[in-house]
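Welcome to this short tour. Open your viewer, get ready to select a few residues, and follow along stop by stop.

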Amino acid sequence: MEASKMTKHPLIIEEWNGSSSTKLFKTATITFSPSLQIQRSVNGFNHVWRRFLDAFVPEGFPGSVTPDYVPFQVWDSLQGLSTYIRTMLSTQALLSAIGVGEKSATIIGATFQWFLRDLTGMLGGILFTLYQGSNLDSNAKMWRLVADLMNDLGMLMDLLSPLFPSAFIFIVCLGSLSRSFTSVASGATRAALTQHFALQNNAADIAAKEGSQETMATMIGMALGMLLARITTGNPVAIWFSFLSLTMFHMYANYKAVRCLTLDSLNFERSSILLQHFIESGQGPTF
């Protein structure tokens, strides 16, 4: 009797998967009629593609992040890509200035120069944190641009170092000092922006996936950078043209990334704009 009822009215359970209510797709159907039948509905390619995306986008995307997340990440990845390409050019110039490949260069001399370079950067990072650490959260946009500008300056110093052997130590230490500001400011503002993007208390997930995106950009940038360094070796005009062109694109991409952000917190500058508007018009601005 129970079996005939089950045959007439089979029990069907469907499994759905997706990142949001508008991105659901059926993955399996389980039928009891009266035997158990499981039918998988997942296309192999789609499954692999979704698993690949899961390594780079937060869980619940796009509903788990703010609308400005995607445009910011696109421009941020592009600026990062240009940075890693230029890093190969600047590192090549720096190693050449230190004496890599020259018989007259000594190991202890190169080690000491590298030590002074790193020491300067460490001290610069501590001093920058001491004087500006408390301003990084409230002025995330500004410091984001400043950080990348200082990074560009640091790479420019490395590229200039072979041209001025007598001032090599001073130039590379100045470059390391610039990059130390970048390290502190970029890391701190990134934390503030991650909190801004998180809509479902998923800041850790967003930070982890941003790390995956940056790793992918790094690998691609290093490969392209090595190719570019090989092509331009021995051609200073080509090296400088490539470096300056990529630097201009880098600053443009950073500007576009910052312009994409719509921060909903008040800092001193935004509060001043609101107050000035209220004094002049007698009412708050509309958005």
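Helices here are DSSP runs of H or I with at least four residues, strands are runs of E with at least two, and both are numbered from the N terminus. This is a predicted model, where local features need pLDDT of at least 70 and side-chain atom pairs count only at pLDDT 80 or more, while totals for chains, interfaces and linings use all residues. Residues are numbered from 1 along each chain as its sequence is written, and side-chain values use heavy atoms, leaving out hydrogens and water.

Now pick out Val70, Val74, Leu78, Phe249 and Tyr252, which together make the patch of about 410 Å². Helix 3 supplies the largest share, three residues.

Next, zoom in on Val70, in helix 3. Is Val70 buried, partly exposed or exposed? Its relative accessible area is 39%, so Val70 counts as partly exposed (buried is under 20%, exposed over 50%, partly exposed in between, with a 1.4 Å probe and protein chains only).

For contrast, move to His196 in helix 6 (residues 168-197). His196 counts as buried because its relative accessibility is 14%. Show its surroundings: beyond neighbours within four places in sequence, His196 is in contact (heavy atoms within 4.5 Å) with Thr66, Asp68, Thr262, Leu263 and Asp264.

Finally, zoom out to the whole protein chain, with its nine helices and three strands. Of its 287 residues, 32% count as buried.

Terms used:
Patches are made of residues with over 30% relative accessible area and no salt bridge: like charges are joined within 9 Å, nonpolar side chains (Val, Leu, Ile, Met, Phe, Trp, Tyr) within 5 Å. Accessible areas come from the Shrake-Rupley method with a 1.4 Å probe; for residues, only the protein chains shown count as cover. A salt bridge is a side-chain nitrogen of Lys or Arg within 4 Å of a carboxyl oxygen of Asp or Glu.
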